[in-house]
Amino acid sequence: MRTQTIYVSIFLLFASLIFAQSDYRITQEFKSRQRSFEIAIEYAKTPDELTRIKKEILEFKNEFRGNKELLNRALYPNNFESSFTNLDKKIQFAGKKIKEIEKLHTRVTSLETDYSLISEELGKLTREVSTLRKSNSRLMNELKAFRSGYSGSKESIDSLKNLISELKEGINQRDTLIKEIMDNIFATAEHKIESLNDAELKGLKTQIQSTSLIDNITNLVKDNIEFLKASILNVEDLINLRSEFNAFDDRWKHFGPKLFNIYSADKQNKEKLV
Amino acid sequence: MKKLLFLFFILFTVGCAQLTLEPVNFAWPIESVLDVDDEGMISDNRYSFSANVTQLFFVEKKDSNAYNKESVRIIRGTKGYYYIIGSGFKNVYVFSADNGALKLHNKIFVSEFGLDLPAFNQRVPYIELLEGEEHLFFLNSDGIKGE
């Protein structure tokens, strides 16, 4: 046993004299692997990836621990331990960055969901406006036809009253829906329209176009004029209409210039708004 | 009194001239691998060292343009001598610093056909010479000191 140990020792001594490694090469390999880890940390996308890199760095550290003394001298002004402290700091920074990105990603997803819900709601409101407009138009035509053959009988008066009431209700509903659409579109952007970037402005324009907002507002005004011309309103209706008009006017004073700004470069729609 | 003053003056002058700081360890921890530029210059930022090596290549390879796109490996030993070798070199050149120049102190023959992958390691008090991963010799400024 003792003889065997001596032989092994002699062999190891001999081997160490024949096989040697260049200190320069060891240092270069260390630096190169350290740089690879720095790049891997920089490109890590998930906490799991960072954990894996951390484990690999620990293996790397153990692998080079035998050359610690050499590396302490060769890596000046750094040393063996400070190289790993730097890697550790980079991992911590990357970890914070990944968490921040994940948080922002969640926020983006939530905003996308909100956007999708609002778009859906806008679509629904726009369809309702369109249906109501058709219905109102039909009622208006019926009213005109009825008035031309109006006999003055009790049934005729009741039918006329019903028609007028239905029409007023329809127009009210349509106006309310348009107001809702305007609120929905401008809810998130109304305070920053002047500072919207091109993409945000494009998104807002798309929403305005998809809901035919400008056409709906134009139709609203036309229909109300038509409604007044039809001379079917009593004093109470006129008072109500006046208050409606004032409310819409307030709203228009607020949203009109914003719409005008958005369409400052769009001649066709700008003319509709004038 | 004059004699005493003269004695002090002599002692002071001799004392200044013989000021010696020791021991000094000039050893670089690892060799530097330096590319030779178009002018034949090498420079090392870490040790603020630069030198022109065109003459070295001429002596070793008998060709005044042999330094083109070459590199040299250089290390400084504990005594302050610079050991230089390059790929294909048959000798290790040992220089001492001398008044703004590197003065050849010794030329150590190490290979008949030249070394392909020479490398130095600092192994105080010696410099180890390798060929790739093979240990060749331990050197000092006087020559080969054993394998």
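Going along the sequence, chain B runs α-β-β-β-α-β-β-β-β-β-β-β-β, which gives 2 helices and 11 strands. Helices (H or I, at least four residues) and strands (E, at least two) are DSSP runs, numbered from the N terminus.

Some ground rules. This is a predicted model, where local features need pLDDT of at least 70, side-chain atom pairs count only at pLDDT 80 or more, and totals for chains, interfaces and linings use all residues. Residues are numbered from 1 along each chain as its sequence is written, chains are lettered from A and ligands numbered from 1 in the order in which they are written, and side-chain values use heavy atoms, with hydrogens and water left out.

Of the 147 residues in chain B, 44% are buried (buried is under 20% relative accessible area, exposed over 50%, partly exposed in between, with a 1.4 Å probe and protein chains only). Taking contacts (heavy atoms within 4.5 Å) between residues at least 6 apart in sequence, 44% join residues at least 24 apart in chain B.

Now for the aromatics. Rings of Phe, Tyr and Trp (its six-membered ring) pair if their centres lie within 6.5 Å; planes under 30 degrees apart count as stacked, over 60 as edge-to-face and the rest as tilted. That rule finds 17 aromatic pairs over all chains. One of them is B:Trp28 with B:Phe49, with centres 5.8 Å apart and planes at 80°, so it is edge-to-face. B:Trp28 sits in the loop between helix H1 (2-17) and strand S1 (32-35) of chain B, while B:Phe49 is in strand S3 (residues 49-52), so the pair ties together parts 21 residues apart in sequence. B:Trp28 is buried at 5% relative accessible area, and B:Phe49 is buried too, at 9%.

Another edge-to-face pair is B:Tyr83 with B:Phe120, at 6.5 Å centre to centre and 70° between the planes. This pair links distant parts of the chain, 37 residues apart: B:Tyr83 is in strand S5 (residues 82-86) and B:Phe120 in strand S8 (residues 118-123) of chain B. B:Tyr83 is buried at 4% relative accessibility, and B:Phe120 is buried at 0%.

| Feature | Residue(s) | Angle |
|---|---|---|
| cis peptide bond | B:Glu22 to B:Pro23 | omega about 0° |
| cis peptide bond | B:Val124 to B:Pro125 | omega near 10° |
| positive phi, not a glycine | B:Ser48 | phi about 45° |
| positive phi, not a glycine | B:Asn99 | phi about 50° |

As for where they sit, B:Pro23 is in the loop between H1 and S1, and B:Pro125 is in the loop between S8 and strand S9 (126-131). B:Ser48 is in the loop between strand S2 (41-44) and S3 and is exposed at 69% relative accessibility. B:Asn99 lies in the loop between strand S6 (91-97) and strand S7 (102-109) and is exposed at 80%.

The buried residues of H3(A) are A:Leu50, A:Ile53, A:Ile57, A:Phe60, A:Lys61 and A:Phe64. They cover an arc of only 100° around the axis, which puts them on the same side of H3(A) (the arc is that of the directions from the helix axis to the C-beta atoms). An α-helix has 3.6 residues a turn, so residues three or four places apart point the same way. The face turned away from the buried side of H3(A) carries the exposed residues A:Asp48, A:Thr51, A:Lys55 and A:Leu58.

H2(A) has 21 residues and reaches 30 Å from its first C-alpha to its last, close to the expected 30 Å. Among its buried residues are A:Ile26, A:Phe30, A:Phe37 and A:Glu38. Seen down the axis, the buried residues of H2(A) fall within an arc of 165°, so they line one face of the helix.

H2(A) and H3(A) pack at an angle of about 170°, with axes 10 Å apart (axes are lines fitted to C-alpha atoms, for helices over the stretch in contact, and angles run from 0 to 180 degrees between N-to-C directions). That makes H2(A) roughly antiparallel to H3(A) (under 35 degrees is roughly parallel, over 145 roughly antiparallel, 65 to 115 roughly perpendicular and the rest oblique). The contact includes A:Phe30 and A:Phe37 of H2(A), and A:Phe60 and A:Phe64 of H3(A). Ring pairs link A:Phe30, A:Phe37, A:Phe60, A:Phe64, A:Phe80 and A:Phe84 into a cluster.

How values were computed. Expected span 1.5 Å × (residues − 1).
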